[in-house]
Amino acid sequence: MDKKKLAKQLGVIALIIALFIGLDTGIYQLFIKRVISHHSPGMQKMSVEVGNYVPFTGSANVFSEDGAKKLEGDIPVIDGAAALLPVYAGFVQSIYPEDSVIFNGEDYDAKSAMHYTNTRGAYKDIVDGNADIIICAQPSDEQLAYAKEKGVELELVPIGSDAFVFIVNANNPVSDITIDQIKGIYSGKITNWRELGGKNVPIAAMRRNKNSGSQTALEKIMGDTPIKPDYTALFGSPIGFSFRYYVTGMLAEGGVKILTINGVAPTTETLADGTYPVSGNLYAVYRKGETNENVYKAVDFMLSPEGQKIVEKSGYIPIHQL
Amino acid sequence: MKDKTFVIILAVIMAVGVAATTALLIYGYNLWKEISIVEMIANWG
């Protein structure tokens with residue numbers, strides 16, 4: 001036996017095994033470790049599990065006004081953003097007939113008057129006529145263009161609001177940011193936390209899917225400044241964005257922190273007096289010229305003190321003072 | 001070690017390695033689809 005040859009062969013085998021171990025360890029550290037489930041009960045509570053928000057099931061997550069008058073006749077199909085599911089589940093439980101909601105254990109039946117998709121799906125459905133009312137944040141330019149292309153005009157009625165917040169990992173020493181810095185980060189001009197008084201670590205600027213409610217909100221903040229993709233995102237320390245309600249329940253967990261903007265924290269007071277600079281309305285959206293009078297009755301209920309209480313109990317800020 | 005044995009061992013190691021890496025990527029991708037941006041930032045110290 002040629003010992004040199006054997007050593008060479010064993011060396012090649014060891015090298016290939018080491019390469020695979022290195023590759024898989026790298027994938028785990030950079031990719032999987034960040035998304036593997038560390039769900040604490042607090043985080044799980046904030047995850048929108050559709051089964052936890054089914055009206056008429058006695059769910060403690062659905063807040064309703066039991067004395068409200070129920071709709072009769074042609075019941076409008078309602079849909080909306082994932083984050084706003086608690087709000088419209090509460091509306092449905094308050095004014096929809098119980099037999100109009102059909103949930104099959106995993107999702108809503110096609111014949112159900114309540115559906116659950118997300119912002120992108122809901123705006124498509126209202127334009128295509130598959131939904132009659134949707135509860136969402138403002139539409140993106142693309143969604144408005146789609147409506148125009150289909151000859152549909154949308155009526156947007158504000159029913160509540162919430163702060164748009166920027167979040168970082170709780171260990172990040174940076175606590176405050178300005179609108180210009182946000183624009184700098186998402187346009188690729190600011191790339192290191194050191195430039196914001198933090199550690200010498202690249203900024204991983206996280207984004208959402210195009211046409212999602214929060215991505216559209218970011219686009220509005222950016223204005224004419226283009227959002228550039230962050231190709232080094234995996235190696236940096238992240239910044240992300242969401243609506244306040246989505247995040248607040250998790251603050252007690254210690255995993256994330258909401259940045260103040262220009263030194264102002266997003267509270268009910270700073271939103272009400274306008275000192276917190278970034279907020280967004282929640283809208284009830286329907287097609288202009290809608291002939292189903294129940295659509296208008298439903299929207300009237302959403303704007304009534306009872307409807308506004310549901311907005312507030314679901315974690316958002318009512319559009320009318322209660 | 002005979003060349004044939006060496007090649008078979010290499011092929012087995014490569015197959016196992018590629019399968020493990022693929023499984024890891026599929027596992028990660030499925031987690032990635034489900035996790036919210038908030039949870040991801042909380043995990044990402």
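**Terms and values in the two-chain model**

Mentor: In chain A, 38% of the 322 residues are buried. The model is a predicted one, in which local features need pLDDT of at least 70 and side-chain atom pairs count only at pLDDT 80 or more, while totals for chains, interfaces and linings use all residues. Residues are numbered from 1 along each chain as its sequence is written, and chains are lettered from A and ligands numbered from 1 in the order in which they are written.

Trainee: What makes a residue buried?

Mentor: The count of other C-beta atoms within 10 Å of its own decides: 20 or more is buried, 12 or fewer is exposed, and anything in between is partly exposed, with C-beta atoms placed from the backbone. On that count, 20% of the 45 residues of chain B are buried.

Trainee: Why is Glu312(A) called partly exposed?

Mentor: Glu312(A) has 16 other C-beta atoms within 10 Å, so the residue is partly exposed. Glu312(A) belongs to helix H11 (residues 305-313) of chain A.

Trainee: How are the helices and strands identified, and how many does each chain have?

Mentor: They are DSSP runs numbered from the N terminus, a helix being H or I over at least four residues and a strand being E over at least two. Chain A has 11 helices and 10 strands, and chain B has 2 helices and 0 strands.

Trainee: Why is H6(A) called roughly perpendicular to H7(A)?

Mentor: The axes of helix H6 (residues 179-186) and helix H7 (residues 213-222) of chain A come within 10 Å and cross at roughly 110 degrees. That angle makes H6(A) roughly perpendicular to H7(A), because the term covers 65 to 115 degrees, whereas under 35 is roughly parallel, over 145 roughly antiparallel and the rest oblique. The axes are lines fitted to C-alpha atoms, for helices over the stretch in contact, and the angles run from 0 to 180 degrees between N-to-C directions.

Trainee: Which residues of H6(A) and H7(A) meet, and how do you know their classes?

Mentor: Ile179(A), Ile182(A), Lys183(A) and Tyr186(A) of H6(A) meet Leu218(A), Ile221(A) and Met222(A) of H7(A). This gives 6 nonpolar, no polar and 1 charged. Ala, Val, Leu, Ile, Met, Phe, Trp, Tyr, Cys and Pro count as nonpolar, Asp, Glu, Lys and Arg as charged, and the others, Gly among them, as polar.

Trainee: What is the angle between H3(A) and H11(A), and which residues meet there?

Mentor: Helix H3 (residues 85-95) of chain A packs with H11(A) at about 145 degrees, the axes being 9 Å apart. Val87(A), Gly90(A), Phe91(A) and Ser94(A) of H3(A) meet Glu306(A), Gly307(A), Ile310(A) and Val311(A) of H11(A). The classes are 4 nonpolar, 3 polar and 1 charged.

Trainee: How many residues of the two chains are in contact, and what makes a contact?

Mentor: Two residues are in contact if their C-beta atoms, placed from the backbone, lie within 7 Å. By this criterion, 33 residues of chain A contact 26 residues of chain B. The largest share of the chain A side, 12 residues, comes from H1(A). The chain A side comprises 21 nonpolar, 8 polar and 4 charged residues.
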